[in-house]
Amino acid sequence: MKHGKVWLVGAGPGDPELLTLKAARVLGEADIVIHDDLVHPGTLRYARPGARIVAVGKRGGCRSTRQAFIERLLVAEALAGNMVVRLKGGDPFVFGRGGEEREALRAAGIPVDVVDGITAGIAAPSAIGVPLTHRAACHGAIFVTAHVASNGDDSGPDWAALAAAARSGLTLIIYMGVTMLHGVVEGLVCGGLDPDTPAAIVERATLPGQRAVITVLERLATERQRHGLTSPSIIVIGKVVGRARLAAQRNEVQLAPAPKRAIIGNSR
Ligand code: SAH
């Protein structure tokens, strides 16, 4: 009997060229590719002709495919002897529920391997000319989700602790926060972070139509609303964001026209 296997594969932040060579190879070997809706369709070109392609999107507001269903599907396909690629946006182990899927598969006795991808939190700052670390401006970064688990077990991030970390020179990289910016900003400012701290929102990083707002912490929510930025977006907060302005001045960040458009929001 043929033995099945699951690969948890990171598709990177969007641009199909940011896929790893290993991800492309594994995609070319799969019998079935089960992908999220953050995955760019161009990435699926690497799938073997004849492979089954299954979309299991569950973006906020859309009809959701429950996580339990996805896990059952992965198990069933592998038990049927298939080589399964579970393709996820960014990195499978960064806010991607890859950990849960890996545990479910291991519990069912199915071999699992992971192929890393470039996470959106790494790609988004660099897409607007912001180095994640910089000797003159920052000595580290924190990756955090603003999203609170729907089962109520999780009260969300400790904004005061994050404000303290940001004050100490760490850059905050916030996933899933764009639709709850008021709470994010309030939490950080009440926690003692200077409202004038440089901050940016990067929407659809590395994808056609990428947009960004570069501003300061206290204006994040207003600027987001003004420009209608929405998910998927990464919020970057910290001194290094000031470097995005330099990049814009040097035209490293294109202001217009598309495909890569950065809107420089009023800073005050
Ligand atoms: N595993 C993914 C994250 C999944 S959580 C990764 O490693 O990147 C989904 C969140 O990721 C989105 O709400 C958004 O905050 C962020 N995200 C994913 N792709 C993005 C993109 N191209 N541009 C900006 N943010 C993105």
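Guide: What follows describes the ligand site and then the protein around it. This is a predicted model, in which local features need pLDDT of at least 70 and side-chain atom pairs count only at pLDDT 80 or more, while totals for chains, interfaces and linings use all residues. Residues are numbered from 1 along each chain as its sequence is written, and side-chain values use heavy atoms, with hydrogens and water left out.

The shell around the ligand holds 18 residues, of which Asp91, Val94, Thr119, Ala205 and Ser233 come nearest (a residue is near if one of its heavy atoms lies within 4 Å of the molecule). Because domain 1 (5-115) and domain 2 (120-267) both contribute residues to this shell, the ligand lies between them; the domain bounds come from an automatic or database domain assignment.

Among the polar contacts (pairs of N or O atoms within 3.5 Å), a nitrogen atom of the ligand lies 2.8 Å from a backbone N or O atom of proline 13. An oxygen atom of the ligand is 2.8 Å from a polar backbone atom of aspartate 91, and an oxygen atom of the ligand is 2.9 Å from a polar backbone atom of alanine 120. Of the 550 Å² of accessible area that the ligand has on its own, the protein covers 92%, as computed by the Shrake-Rupley method with a 1.4 Å probe.

Turning to the protein as a whole, 49% of its 268 residues count as buried, that is, under 20% relative accessible area (1.4 Å probe, protein chains only). Its accessible surface comes to about 12800 Å², with 53% belonging to carbon and sulfur atoms.

Methods:
Polar contact = N/O pair within 3.5 Å; in protein donor to acceptor, adjacent residues only side chain to side chain. Buried < 20%, exposed > 50% of the residue type's maximum accessible area, 1.4 Å probe, protein only.
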